[in-house]
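Try each task before you read its solution.

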Amino acid sequence: VEADIRRERDDILRAFGVAQGHLPGLTLAEYMWAASAVASRAAHLSEGGSGRESADAECLEEDQSGSSPSCGEGECAGVPAIVPFGDMFNHSASLAPARARFDLSTGAYRYVSLQPVAEGEEVCLG
């Protein structure tokens, strides 16, 4: 565990150094706030041209069948991106679960319900 914490700290300090190269007056506290805001609100887009498009499609198919509740990690993880209003979804495994995916054919981020949704029912990311 200590080695993981040290590695994570080193990664943060390395990324902070890169950010300071672009924003010389940036403080570590400011960087940490910004990085935390992005990390806690980011969706993960598949990387164009890397072959992840097919992994994303497979995950969406698995999600719709209900066989892959942890989709979004591993093969399905991608580049973090801020999606307007996407961070406003509540999270629940039991209330009309949905998955989010970037649709390469339309260039849009989509939220797809994994089950039928009644009018007025809350849709949550599961």
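Two strands pair if DSSP finds at least two bridges between them; strands (E, at least two residues) and helices (H or I, at least four) are DSSP runs, numbered from the N terminus. The model is predicted, so to speak of local features takes pLDDT of at least 70, side-chain atom pairs count only at pLDDT 80 or more, and totals for chains, interfaces and linings use all residues. Residues are numbered from 1 along each chain as its sequence is written, and side-chain values use heavy atoms, leaving out hydrogens and water.

**Exercise 1.** Work out the strand order of the open sheet.

*Solution.* 
- Start with S3 and S4: they pair in the antiparallel sense over six bridges, and Arg 101 sits opposite Arg 110 in S4.
- Put together, the three strands run S4-S3-S5 with mixed pairing. S4 (108–113) and S5 (124–125) are the edge strands, each pairing on one side only.

**Exercise 2.** Is Leu 28 buried, partly exposed or exposed?

*Solution.* 
- Find Leu 28 in helix H2 (residues 28–41).
- Recall the classes: buried is under 20% relative accessible area, exposed is over 50%, and partly exposed lies in between (1.4 Å probe, protein chains only).
- Leu 28 has 37% relative accessibility, so it counts as partly exposed.
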